[in-house]
Amino acid sequence: MRLIILGGPGAGKGTNAELLALRYDIPHISTGDIFRSNIKNNTDLGKKILEFVNNGLLVPDELTEQVVEDRLVAEDCRKGFILDGFPRNIKQADFLEELLETQKIKIDYVLNLDADDEVIVKRMTDRRVCTVCCRNYNITNNPSKVANICDECGGALIQREDDNRETIMERLDVYHKQTEPLIDYYSKKGLLQTVDSNRSVEYTTGQLNRILPKGN
């Protein structure tokens, strides 16, 4: 199974990607998580990324594309993968299509998680992230069992600096301008499935279960 998950920031891409990764026993590939891990570990890639972040710039397409290409040729991607956060624009989508064609691979589904902007703002300001394993929680809808402690690894949960209303609205503006056109892009290819992501994770998961085939 090879999937792409689309949706605005905070639409539930990461949460649902993790569930689907378990369902199909395939890797969940989040470019954001890859970037943050490299920054945290002070790798050469992380240093490059940090230069753009510190200057308020998006990571260039070319760098992001190289990261994705290197990840998709890994052994664990042979039987499938879930792309979360990539592609973010038409150029990246064209790059991905060409890359997969060279590997004789086709995307099975593109899942669009549709959530209203105000729902996203509330969800993201309530989000908490583990400082160790990067797992996401929500203090309203998906809290950890122990406050501020990750259920998975015991790491501390924090609110990311960019999870404030002003920054979220800026990110939504970028999403609407750059990423939202991918909905039409993949719809024309007959790959798109849109689900309502305004409600609970369980509700969204139920919709995805009806769309996708059973896992292993």
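The sulfur of Cys130 has its closest cysteine sulfur in Cys153, at 3.5 Å, which is too far for a bond. A disulfide is a covalent bond between the sulfur atoms of two cysteines. The cut-off applied here is a pair of cysteine sulfur atoms within 2.5 Å, and in this predicted model the structure holds zero disulfides. Cys150 is likewise in no disulfide, the nearest cysteine sulfur being that of Cys133, 3.7 Å away. Cys130 is buried, at 2% relative accessibility, and Cys150 is buried with a relative accessible area of 4%.

The next topic is the sheet. Five strands make up an open sheet with parallel pairing, and their order is S2-S3-S1-S4-S8. Strand S2 (28-30) and strand S8 (192-196) are the edge strands; each has a single partner strand, so one side of each is left without a neighbour in the sheet. From one strand to the next, the twist averages 25°. Within the sheet, strand S1 (residues 2-7) and strand S4 (residues 109-114) run parallel and are joined by five bridges. One of the residues to look at here is Gly7, whose bridge partner in S4 is Leu113.

Helix H1 (residues 13-24) touches S1, S2, strand S3 (81-84) and S4, and its direction makes about 165° with that of S1. Helix H9 (residues 201-211) lies across S4 and S8 and runs at about 150° to S8.

In the loop between S3 and helix H5 (90-102) sits Pro87. The peptide bond that joins Phe86 and Pro87 is cis, with omega at about 0°.

Two residues have a positive phi. Asp25, found in the loop between H1 and S2, has a phi of about 55° although it is not a glycine. The relative accessible area of Asp25 is 48%, which makes the residue partly exposed. Asn148 lies in the loop between strand S6 (136-138) and strand S7 (157-158). The phi of Asn148 is near 65°, again a positive value in a residue other than glycine. Asn148 also counts as partly exposed, at 47% relative accessibility.

How values were computed
Residues numbered from 1 in each chain as written. Predicted model: local features only at pLDDT ≥ 70, side-chain atom pairs only at ≥ 80, totals over all residues. Heavy atoms only, no water. Pairing = 2+ DSSP bridges. Helix = DSSP H or I, 4+ residues; strand = E, 2+ residues; numbered from the N terminus. Axes fitted to C-alpha atoms, helices over the stretch in contact; angles between N-to-C directions. Contact = heavy atoms within 4.5 Å. Buried < 20%, exposed > 50% of the residue type's maximum accessible area, 1.4 Å probe, protein only.
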